[in-house]
Amino acid sequence: MSANEGTADEAVHENAGQDVIGVDADDNEQGLVNRLAAHTGDGIRHRAFTALVFDEEGRILLAQRSPDKRLWDTHWDGTVASHPVEGQTQKEATRQRLEEELGITPDQYDELRLTDKFEYKRYYENAGVEHEVCAVLQVTLSDTTLDPNEEEVAGLMWVPYERLHRNPQWYRQLRLCPWFQIAMRRDVE
């Protein structure tokens, strides 16, 4: 892709009008960066989170990303991933995205736990890159009622977590998002 094509893409993509929080390797804020710029070229390290949602039987809710997502479209995530905005904590951002993407409200769970944080960098086809310091948050639902936003979520599936992380090859056809694979691997090491 030529530089001109990239510029044209940036002008029309909705991410071009949003910012993410740039961070150093220790997750210290380095200022705001354009969201599209953070996800193109070699990327810019920024703050992100992934939320793993469980039921009381130990199953994890996998959510298939919308085919309209720019990166990792139609891949399966465990469960919600996004970026906090300026002035927002990881927990606040997670609560917001759980409600926006899946209709999960705080009265459906007791505790939202921060369980891990890691840095990773992965390229996706010729479309872009993720270079993130990713917080992992976990929550167990007492009420599994869901109201998925079809613009964000293409499909949902409850999967036995123990079986998934012990036998990831059984789920290879699902094309799991890289940040979820890292979070799951680190969760059981």
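Strand 4 (59–65), strand 6 (80–82) and helix 3 (90–102) each supply at least two residues of the lining of the largest cavity. Helices (H or I, at least four residues) and strands (E, at least two) are DSSP runs, numbered from the N terminus. This is a predicted model, where local features need pLDDT of at least 70, side-chain atom pairs count only at pLDDT 80 or more, and totals for chains, interfaces and linings use all residues. Residues are numbered from 1 along each chain as its sequence is written, and side-chain values use heavy atoms, with hydrogens and water left out.

**The cavity**

- One cavity of 30 Å³ or more is found in the structure; a cavity is a set of points on a 1 Å grid over the protein atoms alone where a 1.4 Å probe fits but cannot get out.
- The largest cavity has a volume of about 80 Å³, counted as the space filled by probe spheres set on the points.

**Its lining**

- Strand 4 gives the most to this lining, with three residues.
- Lining residues have an atom within 4 Å of a point, and they include A63, Q64, R65, E101 and L102.
- By class, the lining of the largest cavity has five nonpolar, two polar and five charged residues.

**The cysteines**

- Zero disulfides turn up in a search of the whole structure, a disulfide being a pair of cysteine sulfur atoms within 2.5 Å.
- The closest cysteine sulfur to that of C134 is in C177, 11 Å away, which is too far for a bond.

Note on methods:
On a 1 Å grid over the protein atoms alone, a cavity is a set of points where a 1.4 Å probe fits but cannot get out, and a pocket is an open set with protein on both sides within 12 Å along at least five of seven lines; lining residues have an atom within 4 Å of a point. Ala, Val, Leu, Ile, Met, Phe, Trp, Tyr, Cys and Pro count as nonpolar, Asp, Glu, Lys and Arg as charged, and the others, Gly among them, as polar.
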